[in-house]
Amino acid sequence: MIILFKIIVCSTLLIAFYYIFLQKEKMYRFNRIYLLFSLLFSYTVPFISISTEAPKPANRLQTALETTQQILQLAPEQNRFDWITGIWIAYGIITSILLSRMMISFLTIRNLKGEKITYRNQEVLVTEKNIPPFSFWNTIYLGKSYFTDQQIDDRIFLHEKSHLEQKHSIDLMMVEIVKAFTWFNPAVYFYKKAILMNHEFLADESVLKNHFNVKDYQNLILDEIISSQNYNLTHTFNFNNTKKRFIMMNTKKSKWTQVKKAVSIPALLIAFGLFTEKTYAHPIEKMIQEAQEKISGNDLSPAVRTQENNSTETTKYDRPEASEIPEKLVRNTIEEKKIQDTIRPQEGKNTNLNQETVPNSTNDPAQLPQFPGGMNELRNKVAKLFDGSRLAAEKGLSKADILYTVNEAGHVVNVKVAGNNESFNNEALNSFIKANENVIWKPAEKDGKPVNFAMRLPLTMSFQ
């Protein structure tokens, strides 16, 4: 949805720039390039990702809360019809209709009956129906009344031939395809109108370069308006926006033409900066991302978490030597191991469950605990409440795993922390407890009843 929003906003701003600054200038070839490029640009730039180094915090602390929690997660099948399905169905129907109309218009043109001739090295179809002249792909189509005495009016012929020589049909096919698949973008319709109008300016310019009288040419266009018949995907000689065409025929090049050309390039660069996807690269974040990708590629049942670093493998928790671990932390680590065995029992091992843990993966709850505002809100609160100034003397990477249970009443109980730095563990514990003060979770549910559920929140920080 964010990408679609960026496409709509970007294309709207760029076509607005065209109508305000470029449309009235006599620089038709540049305008054609701008219209085509800006349309494709607005549909591709939101998909471009730029990686840049993350700014270093003033307190020398970088925080990375892992987005993957090592808990059991169910993905129950949803067979019910929802509004997202309805939107996709509506989108498919409308897109199919637009594509069908485009195909019907193409076949209608191809099925026109008449006599094919070569006129001044150009393929012309003199139709049985008395239709006004138009051009499509590599052929000029016109009724018998326009081909008298084996001749076609030079002005009509030059106008239609210029459409073919400049490959205007390709522009129209492209914008029609874009419109069929993104019909919900209002900017596409303005792009099509602007592209058609600019094509006519280019064709008129080709005629008037041959020193035809401007007024006589304008009268010829007015005479053809009455018998107008417009096929989709084509350029008809008697284009409807006659007034604009007449104005541009008499317009002189402005002294601001080159300035406006130069300004359009910074406008595209600004749009590029605004609508590209920006990612921040940092060694710690990269390491966490790699670990998360490995986890997401495995079974959702939480196994012992591994992390690849220089072809070595570590267990779920990086534990220091036993002599460096306080007695309290040892007890917490033992209890944490019990919770791991509860979440994923070893094969052939009978595990005794207490009321603060949940059954194994064969008897999962139907709904997991939910923090008000979602887990991202919890992570943000913990990060904001973490006081890095207390760890000013620390350097390097510190990791901790916050283990906790959400009970049947939605309260967080039995909060424990295991990690390789006691000071860091204590601050992580304090920030997590503060983040859950006066907060009621939505508890896990099994068979429609609330149950206790053990969870884990990894925390990684880099001190520089």
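Select I87: this residue is partly exposed, with a relative accessible area of 47%. On that scale, buried means under 20% relative accessible area, exposed over 50%, and partly exposed in between (1.4 Å probe, protein chains only). The model is predicted: local features need pLDDT of at least 70, side-chain atom pairs count only at pLDDT 80 or more, and totals for chains, interfaces and linings use all residues. Numbering runs from 1 along each chain as its sequence is written, and side-chain values use heavy atoms, with hydrogens and water left out.

**Stop 1: the surface patch**

I87 sits in helix α3 (residues 83-110). Helices are DSSP runs of H or I with at least four residues, strands are runs of E with at least two, and both are numbered from the N terminus. With I87 they form a nonpolar surface patch, with about 530 Å² of accessible area together. Patch members have over 30% relative accessible area and no salt bridge; nonpolar side chains (Val, Leu, Ile, Met, Phe, Trp, Tyr) are joined within 5 Å, like charges within 9 Å. A salt bridge puts a side-chain nitrogen of Lys or Arg within 4 Å of a carboxyl oxygen of Asp or Glu. Areas come from the Shrake-Rupley method with a 1.4 Å probe, and for residues only the protein chains shown count as cover.

**Stop 2: the hairpin**

Select 114-119 and 122-127. These are strands β3 and β4, paired in the antiparallel sense over 6 bridges. Pairing requires at least two DSSP bridges between the strands. Pick T118: its bridge partner in β4 is E123. The hairpin has 2 residues between the strands, and R120 takes a positive phi near 55°.

**Stop 3: aromatic pairs**

The whole structure holds 21 aromatic pairs. Select Y28 and F201: the ring centres are 5.4 Å apart and the planes at 35°, so the pair is tilted. Rings of Phe, Tyr and Trp (its six-membered ring) pair with centres within 6.5 Å; planes under 30 degrees apart are stacked, over 60 edge-to-face, the rest tilted. Y28 lies in helix α2 (residues 28-44) and F201 in helix α6 (residues 186-208), so the pair ties together parts 173 residues apart in sequence. Y28 is buried at 4% relative accessibility. F201 is buried too, at 5%.

Next, F136 and W137. This pair is also tilted: 6.2 Å centre to centre, 45° between the planes. F136 is buried at 1%, whereas W137 is partly exposed at 43%.

**Stop 4**

Select F17, Y18, Y19, F21, Y34 and F190: they form one aromatic cluster. Finish on N31 in helix α2. N31 is buried, at 0% relative accessible area. Beyond neighbours within four places in sequence, N31 contacts Y18, L22, Q23, E25 and N198; contact means heavy atoms within 4.5 Å.
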